[in-house]
Structure formats: structure tokens, C-alpha cells
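Subject: Structure for you to look at

Hello,

Here is the structure I promised to pass on. My notes follow it, so please open the model alongside them.

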Amino acid sequence: MDFIDRKIMEYVINNSEDEPELLKELAKETYQKILQPRMLSGHPQGRILSILSKLIRPKRILEIGTYTGYGTICLAEGLTDDGKIITIDKNEEIIDFQNKYFEKSGYREKIIQLNGEALDIIETLSDKFDIVFLDADKENYIEYYKSISNKLVKGGILISDNVLWSGKVLEETSNDLETNILKRFNRLLKNDKKFETIIIPIRDGVSISRLI
Ligand SMILES: C[S@@+](CC[C@H](N)C(=O)[O-])C[C@H]1O[C@@H](n2cnc3c(N)ncnc32)[C@H](O)[C@@H]1O
């Protein structure tokens, strides 16, 4: 589902920062070789991640759901000189693919890949984060919200992907677990006075929640 008129989106893309060549290459190879390539953040969303990161200049970022590393590289663009991004994924089959692009990106030393169940790994992390990018299994979004709420610094942001779930969040009743979880997740953040949240209707819906 397109939330924004296609011609408007084309105009937006043509008048926004170009997609870096390395990310074009990464996206192309993901579409050629990896299952479910639509999971990749892609050009406009990637540039939003990049500019948010550059505005915040984070020391620590946590990404939940690495996939082929597109979002990781976009977020790494804003890290401070001594900054680090921890990125978690349970799929070990794509680690070589990620490494190839992390090496080429120039951010290799700043990226820490952790392989396994994200909820288990998050529990073990002692860092506090300036940015958390939530982009893994939707069934666990509420558990992720609980587990990262005390891991953000004051003023830190939670960026959550797929919050409009192809528009299914509009359904009043649904038998689909992920739709119901995402509806609850969006209400939880809206009602959580510790955060100010805005949903941006780009791609599959991205929300930005700032810890006050
Ligand atoms: C939508 S993709 C991430 C896209 C990536 N952030 C980007 O910007 O291109 C979701 C990833 O989450 C991973 N994932 C799903 N459930 C997970 C879990 N419970 N623990 C760890 N990783 C998980 C999947 O293996 C997949 O690679």
C-alpha cells in the first residue's frame, strides 16, 4: 500500500538527498540474492535514518533487526568519532553479506553485530542508547518497547518501523496477531507520557518517539 501519492513520492525522491552508491549496490544485491528483500529500509527511509542520526550525533545506537545492513550503515553515518552501533539479528546466514558491506562502508570499527534472539540479547546490554531503531518481529514489539524503555538516554529516540502495517492498523477488528500488536503498540506509545511520538506515513509507517 502507498500512503503517499506515487507522483508526490517521486517528486520527494527527486528533490531529496541521493541514495549513496554503496547503498544502491547493497539494495541491488539484496534483491538479487536474499529472501524477502522488501524488508530493507531503502532510499527515502534510509536518508531519514541518516539525517536523524546526523542531527543527534549519537554515541550509542541499538538496531533491532539488521537484515542486510542497509539501516545500520545509514544510522552509522551520524555517529560521533568514538560512537558505536550495536545491531542484532537472529539470522546467521546473512552475516557474510553484512560484513561485505560493513567493510566497504568505512564504519566497520563502529559496528558491533550480535547474533541471536533480540530480546535475550537486549537484556544483557548495559549501555544506554541515544537512538534505538526497532525493526524486527512485530509479534514482540510490545516486549521490545518494555525492554528498551529504560535503555534510552533522556532525550533519546526510539524509531519504530512498519507501524502502519500496510494500512491494516485501520481495521477495527482483526484476527491477525501482528496487526493487533501494532495497534496496541501505537496506542501504548501515544498514551505513554514519558514519550512524545509522531508517526510519519512513509513506506510502511515509521514512528519517532522521544524520551522526555
Ligand atoms: C525488516 S528486517 C530489518 C531491516 C533493516 N533494519 C534495514 O533497515 O534494512 C527484520 C530483521 O529482523 C530479524 N529478526 C526477526 N525476528 C527477530 C528476533 N526475534 N531476534 C533477532 N532478529 C530478528 C530478521 O532476521 C530480519 O533480518
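The largest nonpolar core has 30 residues, and those touching the most other members are Leu-26, Tyr-70, Ile-73, Leu-75, Ile-85 and Ile-159. Bear in mind that this is a predicted model. H4 gives the largest share, five residues.

Leaving aside residues up to four places away in sequence, Leu-26 touches Leu-40, Thr-68, Gly-69, Tyr-70, Ile-73, Phe-97 and Tyr-101. Another core lies apart from the largest one; it holds 29 residues, including Leu-125, Ile-148, Leu-158 and Leu-189.

Now the ligand. There are 20 residues around it, of which Ser-41, Gly-65, Asp-89, Ala-118 and Asp-135 come nearest. By class, this shell is made up of eight nonpolar, six polar and six charged residues.

- The side chain of Glu-63 has an N or O atom 3.1 Å from a nitrogen atom of the ligand.
- For Lys-90, a backbone N or O atom lies 3.1 Å from a nitrogen atom of the ligand.
- At Gly-71, a polar backbone atom is 3.2 Å from an oxygen atom of the ligand.

The ligand taken alone exposes 610 Å², and the protein buries 93% of that.

Regards

Definitions and conventions: Residues numbered from 1 in each chain as written. Predicted model: local features only at pLDDT ≥ 70, side-chain atom pairs only at ≥ 80, totals over all residues. Heavy atoms only, no water. Near = heavy atom within 4 Å. Polar contact = N/O pair within 3.5 Å; in protein donor to acceptor, adjacent residues only side chain to side chain. Areas by Shrake-Rupley, 256 points an atom, 1.4 Å probe, with all protein chains shown as cover. Nonpolar A, V, L, I, M, F, W, Y, C, P; charged D, E, K, R; others polar. Core = buried A, V, L, I, M, F, W, Y, C linked by side-chain atoms within 4.5 Å. Buried < 20%, exposed > 50% of the residue type's maximum accessible area, 1.4 Å probe, protein only. Helix = DSSP H or I, 4+ residues; strand = E, 2+ residues; numbered from the N terminus. Contact = heavy atoms within 4.5 Å.
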